[in-house]
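Please look at the sequence and the three-dimensional structure together. The paragraphs below go through several residues in turn and then turn to the ligand.

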Amino acid sequence: MTRKLIILTDPGQDQAAALYMILGAPQAFDVLGIVATAGNIDLSYTTDNCLKLLELAERTDIPVFAGCPRPMSGTLVTAEHVHGPTGLDGPDLPDPVTRIEEEHGVQFIIRTLREAPPGDITICSLSPLTNLAMALVEAPEIGSRIKEVVAMAGAYFEVGNITPTAEFNVYVDPVAADIVFRSGIALTILPLDVTHRMLSTPDRLGAMRALGSRCGIAMAEMLEFSESFDLKKYGWEGAPLHGPCVPAFMLRPEIFEGRHINVSVALDKGLTYGMTVADWWCITDREKNVFYVRDGAPEAYYTLLLECLSTLP
Ligand code: BDR
């Protein structure tokens, strides 16, 4: 069955890979719209980057909406140190000729969920959760209309990547994450514990480039750029490829392992600000609010990504 998706994203090279996995599986996904999010880079860049990626893939039929320019609390933390000054460094992509929609991203989320039958739409989050949380604050009744939220968010066993305890997407907007995590909506998260298994080794990037298509080559160039930071940081044979874990989980859940547990977001300003505290051993009686994916099969993951990429121009 085809899943209707609203994508929340802040491209970002790994978000580009996630988007191309989604676009490369049209039998599985129907993208209703993309909400550009402030995260890896400022909103003005993430909107442009969404448009550029759609143009490269010849999918300008998909509308792009600008979301909020900053998180629900505090100032925006960005990750140019990983993704480059445009957020999508690597290939030289032309300036977009298409334009974003006039409607605000939060209004798009609310309107689309209100118009659709309950349980029809999945939220695919590749970024901080700001715009979904804002929509839930403005129109709480939409929560019960969402089929599920599948998000790249959090870390526990692998600890943090932007602070020693916090994962970037949650750290940028912990208040938003807390709202979504406590909303009662079915929620699956793909944390660093699984994304750190999915290493973009030279062979895997070479296979993308060898597709010879413009999306395949651009994808390899993007990931070659963004991996340099992680290669130095971790000293692994490849960098973790975070974003595509979200669509891969929806396409091939059997290649992942996880369990239903409670995950709470630490909001106290201090060493653990933005940490996702995962009750993996069910030590507390806190409500099980998250399907927490802890592991996955890297070969199957990269095969899937390559299959999807190979269908794009
Ligand atoms: C997340 O942080 C961002 O920099 C990546 O694009 C990914 O969404 C991983 O923690």
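Glu58 counts as exposed, because its relative accessibility is 53%. The areas themselves come from the Shrake-Rupley method with a 1.4 Å probe, and for residues only the protein chains shown count as cover. The model is a predicted one, in which local features need pLDDT of at least 70 and side-chain atom pairs count only at pLDDT 80 or more, while totals for chains, interfaces and linings use all residues. Residues are numbered from 1 along each chain as its sequence is written, and side-chain values use heavy atoms, with hydrogens and water left out.

Glu58 is located in the loop between helix 2 (43–56) and strand 3 (64–66). Helices (H or I, at least four residues) and strands (E, at least two) are DSSP runs, numbered from the N terminus. The backbone of Glu58 has a positive phi of about 55°, although Glu58 is not a glycine. Cys282 is also not a glycine, and its phi is positive at about 50°. Cys282 belongs to the loop between strand 11 (276–278) and strand 12 (290–296). With a relative accessibility of 35%, Cys282 counts as partly exposed.

Another backbone feature occurs where Pro11 is joined to Gly12: this peptide bond is cis, with omega near -5°. Gly12 lies in the loop that connects strand 1 (3–9) and helix 1.

Is helix 1 enclosed or open to the outside? Helix 1 is largely enclosed by the rest of the structure, because eleven of its eleven residues are buried. Among these buried residues are Gln13, Asp14, Gln15, Tyr20 and Leu23.

Buried residues are found in other elements as well. In helix 4 (residues 105–115) one finds Gly105, which counts as buried at 0% relative accessibility. Phe108 also has its place in helix 4, and at 3% relative accessibility Phe108 counts as buried. Gly105 and Ala28 are 77 residues apart in sequence, and here the C-alpha to C-alpha distance is 24 Å.

Leu190 is part of strand 6 (residues 187–190) and is buried, with a relative accessible area of 0%. Its C-alpha atom is separated by 9.7 Å from that of Pro244, which is 54 residues away along the chain. Pro128, in turn, lies in the loop between strand 4 (121–125) and helix 5 (130–138). This proline is buried, with a relative accessible area of 1%. Pro128 and Glu257 are 129 residues apart in sequence and 23 Å apart in space, C-alpha to C-alpha.

Which residues surround the ligand? The shell consists of Asp14, Gln15, Asn40, His83, Leu126, Met152, Asn161, Glu167, Phe168, Asn169, Leu192 and His242. A residue is near a molecule if one of its heavy atoms lies within 4 Å of it. By class, this shell has four nonpolar, six polar and two charged residues. In this classification Ala, Val, Leu, Ile, Met, Phe, Trp, Tyr, Cys and Pro count as nonpolar, Asp, Glu, Lys and Arg as charged, and the others, Gly among them, as polar.

For Gln15, an N or O atom of the side chain is 2.9 Å from a ligand oxygen atom. His83 has a polar side-chain atom at 2.9 Å from an oxygen atom of the ligand. For Glu167, the distance between a side-chain N or O atom and a ligand oxygen atom is 2.4 Å. Taken alone, the ligand exposes 280 Å², and the protein buries 95% of that. The elements that give two or more residues to the shell around the ligand are helix 1 (13–23) and helix 6 (168–172).

Conventions:
A polar contact is a pair of N or O atoms within 3.5 Å; within protein, one must be able to donate a hydrogen and the other to accept it, and residues adjacent in sequence count only if both atoms are side-chain atoms. Buried means under 20% relative accessible area, exposed over 50%, partly exposed in between (1.4 Å probe, protein chains only).
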